[in-house]
Amino acid sequence: MGLSRVRAIFFDLDNTLIDTAGASRRGMLEVIKLLQSKYHYKEEAEIICDKVQVKLSKECFHPYNTCITDLRTSHWEEAIQETKGGAANRKLAEECYFLWKSTRLQHMTLAEDVKAMLTELRKEVRLLLLTNGDRQTQREKIEACACQSYFDAVVVGGEQREEKPAPSIFYYCCNLLGVQPGDCVMVGDTLETDIQGGLNAGLKATVWINKNGIVPLKSSPVPHYIVSSVLELPALLQSIDCKVSMST
């Protein structure tokens with residue numbers, strides 16, 4: 001790592017700054033309630049939601065071929081048909097999808113302590129939000145959690161030529177902020193995109209948010225630092241800058 005101080009921090013959004021997984025679970029619980037009470041799918045409701053969760057985890061989205069609403073409604077339609085049999089029920093699939101989505105967005109919030117941390121950090125360094133994913137989906141989340149005002153710039157992977165971990169998107173972010181890769185720190189919860197991307201682009205440091213104490217695979221990229229919460233970042237940055245002043 002170079003001897004310059006940190007000048008910019010790139011933050012991932014999902015499960016780094018907001019609890020996307022928790023919000024999604026709440027959405028699924030609302031759908032289970034709907035299916036059980038209105039449609040009398042007693043055991044099937046949870047099976048359907050589990051199937052959708054698997055489909056979401058394997059999702060390959062190509063914005064040029066389809067729209068995210070159609071794709072995700074199809075996940076629900078397929079899951080219902082696989083579980084219940086019979087003809088496809090697009091209307092029910094749409095009802096489930098929009099209930100899951102609206103509940104999920106309601107629970108995507110920036111916690112007060114995260115807001116306070118970002119506000120303080122921005123007095124010292126430039127902040128950029130760098131999130132992968134479909135343009136519409138990510139912009140809806142950004143609006144729902146009202147996080148845009150805490151950042152100097154927001155970059156959504158689905159709006160760019162390449163997403164994390166491609167170095168190009170990191171260089172684009174550096175250009176936006178007028179900084180060099182060696183001035184920047186990437187903070188995120190995903191080794192394969194956030195950490196690998198930061199390493200690929202030659203950033204000053206990568207910080208992995210490992211909330212659940214996961215043991216990474218031997219083949220996984222190795223972050224410079226590991227913390228269990230994004231709120232540990234200010235103290236960590238002080239130690240990174242302290243190393244710099246000692247080195248100089």
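**Strands, domains and contacts**

Visitor: Which residue of S4 stands opposite Ile-9?
Guide: Val-185 in S4 stands opposite Ile-9. Strands (E, at least two residues) and helices (H or I, at least four) are DSSP runs numbered from the N terminus. This is a predicted model, in which local features need pLDDT of at least 70 and side-chain atom pairs count only at pLDDT 80 or more, while totals for chains, interfaces and linings use all residues. Residues are numbered from 1 along each chain as its sequence is written, and side-chain values use heavy atoms, with hydrogens and water left out.

Visitor: In which sense do S1 and S4 pair, and over how many bridges?
Guide: S1 and S4 (residues 184-188) pair in the parallel sense, over 4 bridges. Pairing here requires that DSSP find at least two bridges between two strands. S1 also runs parallel to S2 (residues 126-131), again with 4 bridges. Within S2, Leu-128 is the bridge partner of Phe-10.

Visitor: And the faces of S1, covered or open?
Guide: Both faces of S1 (residues 8-11) are covered. Ala-8 and Phe-10 are buried on one side, Ile-9 and Phe-11 on the other. Buried means under 20% relative accessible area, exposed over 50%, and partly exposed in between (1.4 Å probe, protein chains only).

Visitor: Next, Met-117. What does it touch?
Guide: Setting aside neighbours within four places in sequence, Met-117 is in contact (heavy atoms within 4.5 Å) with Phe-11, Val-230, Leu-231, Leu-233 and Pro-234. Met-117 lies in helix H5 (residues 112-121) and is buried, at 7% relative accessible area. In sequence, Met-117 and Pro-234 are 117 residues apart, yet their C-alpha atoms are 7.6 Å apart in space.

Visitor: Is Ser-24 buried or exposed?
Guide: Ser-24 is buried, with a relative accessible area of 7%. Its place is in helix H1 (residues 20-37). Beyond neighbours within four places in sequence, Ser-24 is in contact with Gln-53, Trp-100 and Arg-104.

Visitor: Changing topic: how many salt bridges are there?
Guide: The count comes to 20 salt bridges, each being a side-chain nitrogen of Lys or Arg within 4 Å of a carboxyl oxygen of Asp or Glu. One of them joins Lys-84 and Glu-44, whose closest N and O atoms are 3.2 Å apart. Lys-84 lies in helix H3 (residues 68-84) and Glu-44 in helix H2, so this pair ties together parts 40 residues apart in sequence. Lys-84 is partly exposed, at 37% relative accessible area.

Visitor: Which elements hold Lys-101 and Glu-140?
Guide: Lys-101 is in helix H4 (residues 90-106) and Glu-140 in helix H6 (residues 135-145), a pair that links distant parts of the chain, 39 residues apart. Their side chains meet in a salt bridge at 3.0 Å, N to O. Lys-101 is buried, at 14% relative accessible area, whereas Glu-140 is partly exposed, at 24%.

Visitor: Now the domains. What are their bounds?
Guide: Domain 1 covers 8-19 + 109-242 and domain 2 covers 21-107; the bounds come from an automatic or database domain assignment. Their contact takes 9 residues from domain 1 and 12 residues from domain 2. The C-alpha centres of the two domains lie 29 Å apart.

Visitor: How much area is buried between them?
Guide: About 860 Å² is buried between domain 1 and domain 2, with carbon and sulfur atoms giving 45% of it. Buried area is the accessible area (1.4 Å probe) that two parts lose on being put together, summed over both. Across this interface there is 1 salt bridge.

Visitor: What is the phi of His-40?
Guide: Phi of His-40 is near 60°, a positive value in a residue other than glycine. His-40 lies in the loop between H1 and helix H2 (44-57) and counts as exposed, at 56% relative accessibility. Asn-15, likewise not a glycine, has a positive phi of about 65° and is found in the loop between S1 and H1.
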